[in-house]
Amino acid sequence: MKQKILVYSWTGNTAACAVALGEQLNAEVELILEQKEREGSSGFAKGGFFASVGLSSKLKTKPQTEGVDVLLIGMPVWASTTPPAINAFFKEAALSGKRVYAFATQQSEQQPQKLENKLKKLITKRGGKFMHLFVLRVPHKQQLSVEACKSHTAKWAERIKSEI
């Protein structure tokens with residue numbers, strides 16, 4: 001089964017987890033990039049507002065999912081939900097028949113139930129099968145390396161391998 005990881009990362013933490021997971025699953029990693037990069041506190045505030053009301057951003061390229069059986073989608077949690085770049089991805093995502101796992105980084109210690117519910121709805125609407133949401137708490141202003149992510153993503157990878 002071909003696996004692929006799509007990831008949107010603002011600070012680099014979610015991308016570090018994606019690279020670690022990609023190594024553990026032998027899966028390609030593709031970044032989801034916005035046309036206009038968010039900068040500073042105003043970019044963060046605007047992004048949080050856009051996320052809270054379900055708005056999308058414009059993407060540089062359309063992420064490719066053709067020929068993929070198992071898709072992993074990574075994102076930071078913004079305003080308890082999906083960030084604008086992920087909203088944009090789901091507008092045109094071709095997920096029919098795919099098993100879809102999601103993973104997220106967040107500051108909060110609470111399980112992001114709102115995010116999980118939204119992802120289930122978005123994935124199912126696009127024809128995919130929602131499998132699981134993995135979450136990693138990252139304290140404010142902590143920067144993760146790929147190596148630091150590996151202990152967490154190893155558990156995720158083992159679960160994914162056991163289910164496919």
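Contact here means heavy atoms within 4.5 Å. The model shown in the views below is predicted.

Leaving out residues up to four places away in sequence, proline 63 touches Leu6, Glu30, Ile32 and Phe89. The C-alpha atoms of proline 63 and phenylalanine 89 are separated by 7.3 Å, although the two residues are 26 apart along the chain. Proline 63 counts as buried because its relative accessibility is 7%, under the 20% limit for that class.

**View 1. The largest nonpolar core, a set of 27 residues.**
Phe89, Phe90 and Leu119 touch the most other members of this core. At least two of its residues come from each of strand 3 (70-76), helix 3 (84-92), strand 4 (99-106), helix 4 (113-125) and strand 5 (129-137). Helix 3 makes the largest contribution, with five residues. Another core, of 22 residues, lies apart from this one and has Leu136, Val138, Cys149 and Ile160 among its members. In soluble globular proteins, nonpolar side chains tend to be buried together.

**View 2. Contacts of phenylalanine 90.**
When residues up to four places away in sequence are not counted, phenylalanine 90 touches Ile73, Leu95, Leu119, Leu122, Ile123 and Arg126. Both Phe90 and Leu119 belong to the trio that touches the most other members of the largest nonpolar core.

**View 3. Helix 3, a mostly covered element.**
Seven of the nine residues of helix 3 are buried. These are Pro84, Ala85, Ile86, Asn87, Ala88, Phe89 and Phe90. The buried residues of the helix pack against strand 1, helix 2, strand 3 and helix 4.

**View 4. The largest pocket, holding about 650 Å³ of space.**
The pocket is lined by 28 residues, of which Phe44, Val77, Trp78, Gln106 and Gln107 are the closest to its centre. By class, the lining has ten nonpolar, 16 polar and two charged residues. Helix 1 (13-25), helix 2 (40-52), strand 4 and helix 4 each supply at least two lining residues. The largest share, three residues, comes from helix 4.

**View 5. Serine 9 in the loop between strand 1 (3-7) and helix 1.**
The side chain of serine 9 reaches two backbone nitrogens: that of threonine 14 at 3.4 Å and that of alanine 15 at 3.1 Å. With neighbours within four places in sequence left aside, serine 9 is in contact with Thr14 and Ala15.

**View 6. Arginine 38 in the loop between strand 2 (28-31) and helix 2.**
Arginine 38 is buried, because its relative accessible area is 14% and the class covers values under 20%. Its side chain makes a polar contact with the side chain of glutamate 34 at 3.1 Å. Apart from neighbours within four places in sequence, arginine 38 is in contact with Tyr8, Trp10, Gly43, Lys46, Gly47, Phe50, Ser57, Trp78 and Pro84. Among these contacts of arginine 38, Trp78 is also one of the residues closest to the centre of the largest pocket, and Pro84 is one of the buried residues of helix 3.

**View 7. Alanine 79 and serine 80 in the loop between strand 3 and helix 3.**
Most residues other than glycine have a negative phi, and most peptide bonds are trans. Alanine 79, however, has a positive phi near 50 degrees, and serine 80 has a positive phi of about 65 degrees. Alanine 79 counts as partly exposed because its relative accessibility is 39%, and serine 80 is likewise partly exposed, with a relative accessible area of 44%; the class covers values between 20% and 50%. Not counting residues up to four places away in sequence, alanine 79 touches Gly48, Ser52 and Lys114. Lysine 150, which is 71 residues from alanine 79 in sequence, is 26 Å away from alanine 79 in space, C-alpha to C-alpha.

Conventions. Residues are numbered from 1 along each chain as its sequence is written. This is a predicted model: local features need pLDDT of at least 70, side-chain atom pairs count only at pLDDT 80 or more; totals for chains, interfaces and linings use all residues. Side-chain values use heavy atoms; hydrogens and water are left out. A nonpolar core is a set of buried Ala, Val, Leu, Ile, Met, Phe, Trp, Tyr and Cys residues joined through side-chain atoms within 4.5 Å. Buried means under 20% relative accessible area, exposed over 50%, partly exposed in between (1.4 Å probe, protein chains only). Helices (H or I, at least four residues) and strands (E, at least two) are DSSP runs, numbered from the N terminus. On a 1 Å grid over the protein atoms alone, a cavity is a set of points where a 1.4 Å probe fits but cannot get out, and a pocket is an open set with protein on both sides within 12 Å along at least five of seven lines; lining residues have an atom within 4 Å of a point. Grid points are joined across faces, edges and corners, and a volume is the space filled by probe spheres set on the points. Ala, Val, Leu, Ile, Met, Phe, Trp, Tyr, Cys and Pro count as nonpolar, Asp, Glu, Lys and Arg as charged, and the others, Gly among them, as polar. A polar contact is a pair of N or O atoms within 3.5 Å; within protein, one must be able to donate a hydrogen and the other to accept it, and residues adjacent in sequence count only if both atoms are side-chain atoms.
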